[in-house]
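Please open the model in your viewer and keep the selection panel at hand.

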Amino acid sequence: MTKTTITITRPDDWHLHMRDGEVLKHVAPFTAKQFARAIIMPNLNPPVTTVVKAVEYLDRILGAVEGTDFEPLMTLYLTDNTSADEIIAARKSCFIKGVKLYPAGATTNSDAGVTDIRLCDAALEEMQKAGLPLLVHGEVTTPEIDVFDREKVFIDKILQPLTLRFPELKIVFEHITTKEAADFVLQAGNNIAATITPHHLLYNRNAMFQGGLRPHNYCLPVLKRDIHQQALLAVIRSGNKQFFLGTDSAPHARHKKESACGCAGIFSAHAAIEIYTSIFEQQNALDKLEAFASFNGPDFYGLPRNTNSITLIKEDWQVPDHYTLGDDTLVPFLAGQTINWKLAEKN
Ligand code: NCD
Ligand code: ZN
Ligand code: ZN
């Protein structure tokens, strides 16, 4: 029987870019409407490298979601110089839920990222002790390595050795895009998990070249070939607890995407849970949606599951061509297309 409504425990987004300033004000309400909590990425410019900066950023986010009960879960940006003391301060703060590893130069605002993971040993040691997860952008940056192989090489060169050196460290392999990444997490212990984005489930790399160059389907790690998309879909159908929802919604103004050197990032916060629901339905796996969206994340992070719920209705709606972004515009994921699930207004 086809379902016409579905009610699930309120979901959380375990990988989100909310940005700052004017952009933050525009994008934060989209997430607050759908999700109870979100792990907030620290790749601002300058990045959120200290507990003091994180609390200031938290305050600005709370200002942008005033009137809602949305809870931002803050993270620190790991650098070559992050001290063990900063990690201790993060643990004591109680509001820092993870520390983000950006290999230097891997992605948007990653210039201050880590040049050699061994320089972070003291911080990692302290994180392992505190049970504070390391959140990983898993790509090597070596220019010789083919862009489509950067995740796979990262697993072999960085991640695998890291897990041997810090066997108890909690790690979230963020926005995984390959069969190799899915297999790595599947064979790993319960201290290792992964987030999966809606775009890597819905598309393969053909989507970047459909009838011409499609900058709004460009993100990092870049979309991969079909076999990898199929491996990610198999993972969500399996219902494995080590995988959970992380949109990687990453807004960039239209002119920064439609440019001679366009920014990487796909904005999906406007319709994230609806898109995931469509994907799970299409995979005949609607019964696996709630654990992926609402249970596996908090269970991994050691946080309580949400107690309220949301309802989605089987109803077509059209994604706008763009949203306002101050003086600029923002082109959302699936702009102009029809989505067949809609979040019920009253939840
Ligand atoms: C993200 C961004 O724009 O901040 N971009 C992206 O393509 N995913 C950074 C990131 O998550 O790597
Ligand atoms: Zn990333
Ligand atoms: Zn991201």
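The stops below cover metal sites, salt bridges and nonpolar cores.

This is a predicted model, in which local features need pLDDT of at least 70 and side-chain atom pairs count only at pLDDT 80 or more, while totals for chains, interfaces and linings use all residues. Residues are numbered from 1 along each chain as its sequence is written, chains are lettered from A and ligands numbered from 1 in the order in which they are written, and side-chain values use heavy atoms, with hydrogens and water left out.

Select the zinc ion (ligand 3) to begin. His15 (NE2), His17 (NE2) and Asp248 (OD) coordinate this ion at 2.0 Å, where donors are N, O and S atoms within 2.8 Å of the metal (3.2 Å for Na, K and Ca), and sites may look incomplete because water is not among the atoms. The donor residues follow the spacing H-x1-H-x230-D. His15 is buried at a relative accessible area of 1%, and His17 is buried at 6% (buried means under 20% relative accessible area, exposed over 50%, partly exposed in between, with a 1.4 Å probe and protein chains only).

Next, select the zinc ion (ligand 2), which is 3.8 Å from the zinc ion (ligand 3). Its protein donors are His137 (ND1) and His175 (NE2), at 2.0 to 2.1 Å. His137 lies in the loop between strand E6 (134-136) and helix H5 (150-165), and His175 in the loop between strand E7 (171-173) and helix H6 (179-187), 38 residues apart; helices (H or I, at least four residues) and strands (E, at least two) are DSSP runs, numbered from the N terminus. Both histidines, His137 and His175, are buried.

Now select Asp12 and Arg37, whose side chains meet in a salt bridge (2.8 Å, N to O), a term for a side-chain nitrogen of Lys or Arg within 4 Å of a carboxyl oxygen of Asp or Glu. Asp12 is in the loop between strand E1 (5-9) and strand E2 (13-16) and Arg37 in strand E3 (residues 37-40), so this pair ties together parts 25 residues apart in sequence. Asp12 is buried, at 0% relative accessibility, as is Arg37, at 5%.

For the last stop, select Ile196, one of the residues with the most contacts inside the largest nonpolar core, which has 92 residues; such a core is a set of buried Ala, Val, Leu, Ile, Met, Phe, Trp, Tyr and Cys residues joined through side-chain atoms within 4.5 Å. Apart from that core lies another, of 13 residues, among them Ile39, Tyr77, Tyr102 and Phe244.
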